[in-house]
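This briefing concerns the structure shown below.

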Amino acid sequence: MTRRHDPERRRRIIDAAIRVVGRKGIAGLSHRSVAAEADVPLGSTTYHFATLDELLVAALRQAGEGFAAVVAAHPALSDPDADLPGELARVLGEWLAGDRTGVELEYELYLAALRRPALRPVAAEWAQGVGALLTDRTDPVTARALVAVLDGICLQVLLTDTPYDEAYAREVLARVIPPGR
């Protein structure tokens, strides 16, 4: 039997894993469920990802690009004349108002690092990546604090089903940034 060349298979498997987690949660993730979702043989998933943790790391890395991409796409965040707390609050609001399933999925994978040590470096990369985007406007410690506040606000919105309050977010973020920044 001739082997079919499929350079996109690995990416399709990761995309399928993200969809499975989005529908069933991490508990519903298995090589079998991902193979069925990706419409590939079971052996393909285990060939590309020997363990579920390897697959989750790839899924978290891909899903984690969501908020970082939103932040990177807003040049006003690096503009020294722009209102940093206001811009961050606006960007966060846009992200939360987007695809709610995608936001929830990103946080489910991010929080899975609590129980799966293999995911922790990727979760840390996500936080450091967003923080690095903010260091153009503030120092590294403040950038890290801003990421923590953004995380907290997101979790409150997601877990309590309360609407996002941009004015509140702006006020809290402004309190974190030292005067003169």
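**Overall architecture**

Of the 181 residues of the protein chain, 43% count as buried. The model is a predicted one. The protein chain contains 10 helices and 0 strands.

- Read from the N terminus, the elements of the protein chain follow the order α-α-α-α-α-α-α-α-α-α.
- Taken along the principal axes, the box filled by the C-alpha atoms of the protein chain is roughly 65 × 30 × 25 Å.
- When contacts in the protein chain between residues at least 6 apart in sequence are considered, 63% of them join residues at least 24 apart.

**Annotated region and Ser33**

- An unreviewed UniProt entry places the feature "DNA-binding region" at residues 30-49.
- In the model, residues 30-49 are 75% helix and 0% strand, and the end C-alpha atoms of this span lie 11 Å apart.
- Helix α2 covers residues 31-38 and includes Ser33.
- Ser33 has a relative accessible area of 15% and is therefore buried, the cut-off being under 20%.
- Leaving out residues up to four places away in sequence, Ser33 touches Val20, Lys24 and Gly28.

Two packed helices are described by the angle between their axes and the distance between the axes.

- Helix α1 (residues 9-24) packs with helix α7 (residues 100-111) at an angle of about 95 degrees, and their axes are 10 Å apart.
- Because angles of 65 to 115 degrees count as roughly perpendicular, α1 and α7 are assigned to that class.
- On the α1 side the contact is made by Ile18, Val21 and Gly22, and on the α7 side by Leu105, Glu108 and Leu109.
- By class, the residues of the contact of α1 with α7 comprise 4 nonpolar, 1 polar and 1 charged.

**Packing of α6 with α10**

- The axes of helix α6 (residues 84-97) and helix α10 (residues 166-176) come within 8 Å and cross at roughly 140 degrees.
- The two helices α6 and α10 are therefore oblique to each other, since an angle must be over 145 degrees to count as roughly antiparallel.
- The crossing of α6 and α10 is right-handed.
- Pro85, Gly86, Leu88, Ala89 and Arg90 form the α6 side of the contact, while Glu166, Ala169, Arg170, Leu173 and Ala174 form the α10 side.
- The contact of α6 with α10 has 6 nonpolar, 1 polar and 3 charged residues.

**Arg90 in α6**

- Arg90 is placed in helix α6 and is partly exposed, with a relative accessible area of 29%.
- Apart from neighbours within four places in sequence, Arg90 is in contact with His74 and Glu166.
- Arg90 and Glu166 are separated by 76 residues in sequence, yet their C-alpha atoms are 6.6 Å apart in space.

**Packing of α9 with α10**

- The helices α9 and α10 pack at an angle of about 155 degrees, with 10 Å between their axes.
- This angle makes α9 roughly antiparallel to α10, because the class takes angles over 145 degrees.
- The crossing of α9 and α10 is right-handed.
- From α9, the contact involves Thr142, Ala145, Leu146, Val149, Leu150, Ile153 and Gln156; from α10, it involves Tyr168, Ala169, Val172, Leu173 and Val176.
- The residues of the contact of α9 with α10 divide into 10 nonpolar, 2 polar and no charged.
- Ala169 and Leu173 of α10 take part in the contact with α6 and also in the contact with α9.

- Thr142 lies in helix α9, which spans residues 140-160.
- Thr142 is buried, with a relative accessible area of 7%.
- Not counting residues up to four places away in sequence, Thr142 touches Val176, Ile177 and Pro178.
- Val141 is also found in helix α9, but Val141 counts as exposed, at 64% relative accessibility.
- Val141 and Arg90 are 51 residues apart in sequence, and their C-alpha atoms are 22 Å apart in space.

Definitions and conventions. Residues are numbered from 1 along each chain as its sequence is written. This is a predicted model: local features need pLDDT of at least 70, side-chain atom pairs count only at pLDDT 80 or more; totals for chains, interfaces and linings use all residues. Side-chain values use heavy atoms; hydrogens and water are left out. UniProt positions are given in the numbering used here, feature names are shortened, and annotations may be inferred rather than shown by experiment. Helices (H or I, at least four residues) and strands (E, at least two) are DSSP runs, numbered from the N terminus. Axes are lines fitted to C-alpha atoms, for helices over the stretch in contact, and angles run from 0 to 180 degrees between N-to-C directions. Angles under 35 degrees count as roughly parallel, over 145 as roughly antiparallel, 65 to 115 as roughly perpendicular and the rest as oblique. A crossing is left-handed if the near helix is turned anticlockwise from the far one by less than a right angle, and right-handed if clockwise. Contact means heavy atoms within 4.5 Å. Ala, Val, Leu, Ile, Met, Phe, Trp, Tyr, Cys and Pro count as nonpolar, Asp, Glu, Lys and Arg as charged, and the others, Gly among them, as polar. Buried means under 20% relative accessible area, exposed over 50%, partly exposed in between (1.4 Å probe, protein chains only).
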